[in-house]
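Could you look over my notes on this model before we talk? I've kept them to a few points.

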Amino acid sequence: MNADGATDSPAATAEAGPAPEPPNGAEAPKRVRPPMMRAFELVERVKAYDPDADEDLINRGYVYSLKVHGAQTRASGDPYFSHPLEVAGILTSYKLDTATIVTALLHDTVEDTLASVDEIERMFGPEIARLVDGVTKLTRLELQAQSDKAKQAENFRKLLLAMSEDIRVLLVKLADRLHNMRTIGFIPKIEKRQRIARETMEIYAPLAERIGMRRIQEELEDIAFGVLNPDARESIVTRLQHLRARGQDMVSRIADQIATALKEEGVDAQVSGREKTPFSIWRKTQRKNVAFEQLSDIMAFRVIVDDVAECYRALGTIHSRWPVVPGRFKDYISVQKPNGYRSLHTGIFGPERQRIEIQIRTREMHEVAEFGVAAHWSYKEGRPSHGDAKGTFRWLRELLDILEHASNPEEFLEHTKLEMYQDQCFCFTPKGDLIALPRGATPVDFAYAVHSEVGDHCVGAKINGRMMPLRTALSNGDQVEIVTSKAQVPSPTWERFVVTGKARARIRRFIRAQQRHQFLDLGRSILQKAFKAEGYDYADKSLEGAVKPLKAEDAEDLIVKVGAGQVTDREILGALFPESRQQQKTGNVVPLRKQKAKESGSSHAHVPIRGLIPGMAIHYAGCCHPLPGDRIVGIVTTGRGVTVHTIDCDTLEQFADQPARWLDVGWDVDGDGGGAFVGRVALVVRNESGSLGSLSTVIAKNGGNITNLKIVNRTTEFWEMIIDVEVRDLKHLTNVIAALRATPVINSAERARG
């Protein structure tokens, strides 16, 4: 199946070979249909590397899949069964176990036929049923209105959960995607091809890289590149052909010279060379911002030796024979990549004055580099032969941690892309443990990579023994020591500079929890007042009857929705007490309280706004600068608490159709006023010496304090300016304005709005 469940066409071959050129036009290509692989041919492929393979199980899987797919066809008109058969053929080239091959044959049966997981379990056993269920995408989601992005995210979430239990789920999924990409040209709509190619580039190619499936990764990237940027790929292919014709057999000549040099030094090595793929060449031109003609290392050579010691002998021989390209040496043997890849990389100005890249590794390392996790799979026992896959791949645990902390599938997909789709740098803990991070990672990312609790309580970091800011970008080889404190909690500002998905998911989770607590307090306060006004006693438990009608998870969730402005107190009262005929408030403004608060000696005395609870986030609108004495109204703002406006503020028109967000509030005149407030005054002042001095003197004598001054217009005779003055209340500001008007150098003074 392709990315959205639509059928497409079969592959030309089973093995992972050169990808066919996907057509750019809308018409499907025409070709001669190759004969499908027969059951005995598939069995022979498996038995070639596993003589003890269960022949009967493979035959039954072949027949069952052929039967249930029946007369289904693909976009090319070929029998649909050709698709799972080719997927199984791809996996035989990686020498996978019988259960994985049968899973490949059955992987679309549950999704596209009447077959069920229970039926597959009865016929093929629980292991294969579990694998098939893991690969099967969700086709009927609970939320019918979900977007395509949400469906993609939910499908990927399910795939991740399944492959965390058994990495073979991912192997089948990658082979499935590879076959679909090989035949993507048969999809008639170019927009659909591009969407599938983009998904492949963003998710499946990085996943293949993470488990070391280099051949699949490169082929997926190259085909997707041809769909997304066909002109660029065609240009690179043409230039490679030109270089090939000009240099004739340059790759083999250079390989022979390297092999000869190694042999002269007594190093027994197998040397091979190849051109880099068009996509890898294009990516390098983009990353280095250079033209194709400026790239000289478009050829890569591989040196295979017997053991690790020979790797370093070969490296010494090559470096002593040819000049080294500075900064191009990387030792992935002593510090292996997270996917298990080990090799020595170096760049040299080699034979025939060519700048080339050389990879030196043992045969065992080469097998891992070529086949990735599949190289560690014991097809006889049906499990990884070198440890548990879930424990081997740290990145998989990181993705599972992101899954736990993301609030929705789309956010999970966003953080997952951050986690997978970046170049890496390697840093060390004080004990010498290796932590792999994306380029540009900070100490906060490092702390979360060590442990979630370490990240939550991070207060500082020592990089190579020196205290450095938490936003410092880490470099390869840095030793990082995290300083923690139990009193520290994640800071919302961290989200601005962290780059790993795990860190961002964890920080966002904390911010959501903080907001939820605030909304809970606000919602409870609103409901308590509403219940009291209607003559009812309030308790959280009394809301249970409104939970289901208002589509909340529980009573607490309902209170949070009230605090966030998603549900009104009137809706809750209407759901709980249908007999109560409440009159809806009319007009755009909520009436103010007419009674003064009587709790002059209560603990609420320090709160300047009456109608809210202590600790509630209050913001005074910058558009109208409300002061004690003004008639005011509160507007619930998601993530900010309550914003207080004057009742005649023009901004309130934006909320005229959202009465649920309006709060009946007033100034707590029985309290201490909450300190100084800012009033804004518009002035026209004469342009003469001493004007500003007179202005500031008048304000100071009347108990005000200038906090900001802005000149908005200047002429030869007058200055127009806006000043912000700290005052106690509206009466105080009125006195200041009156004093300003009486000053000879001031032509006019008015209270300003905005």
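1. Ground rules. This is a predicted model, where local features need pLDDT of at least 70, side-chain atom pairs count only at pLDDT 80 or more, and totals for chains, interfaces and linings use all residues. Residues are numbered from 1 along each chain as its sequence is written, and side-chain values use heavy atoms, with hydrogens and water left out.

2. α1 on α2. Helix α1 (residues 39–49) packs on α2 at an angle of about 140°, the two axes being 10 Å apart. Helices here are DSSP runs of H or I with at least four residues, strands are E runs of at least two, and both are numbered from the N terminus. Axes are lines fitted to C-alpha atoms over the stretch in contact, and angles run from 0 to 180 degrees between N-to-C directions. That angle makes α1 oblique to α2 (under 35 degrees is roughly parallel, over 145 roughly antiparallel, 65 to 115 roughly perpendicular, and the rest oblique). The crossing is right-handed, meaning that the near helix is turned clockwise from the far one by less than a right angle.

3. Who touches whom there. From α1, residues A39, L42, V43, V46 and K47 meet E55, I58, N59 and Y62 of α2, contact being heavy atoms within 4.5 Å. Sorted by class, this contact has 6 nonpolar, 1 polar and 2 charged residues (Ala, Val, Leu, Ile, Met, Phe, Trp, Tyr, Cys and Pro are nonpolar; Asp, Glu, Lys and Arg charged; the others, Gly among them, polar).

4. α2 on α6. Helix α2 (residues 55–69) also packs with α6 (residues 117–124), at about 150° and with axes 11 Å apart; this crossing is right-handed. L57, R60, G61 and Y64 of α2 meet E119, I120, M123 and F124 of α6, a contact with 5 nonpolar, 1 polar and 2 charged residues.

5. Positive phi. Most residues other than glycine have a negative phi. N464, in the loop between β10 (458–463) and β11 (466–468), has a positive phi near 55°. H625, in the loop between β14 (618–620) and β15 (632–637), has a positive phi near 50°. N464 is partly exposed at 46% relative accessible area, whereas H625 is buried at 13% (buried is under 20%, exposed over 50%, partly exposed in between; 1.4 Å probe, protein chains only).

6. Cysteines. How many disulfides does the structure hold? There are 0, counting pairs of cysteine sulfur atoms within 2.5 Å. C311 is buried at 0% relative accessible area, and C458 is buried at 0% too.
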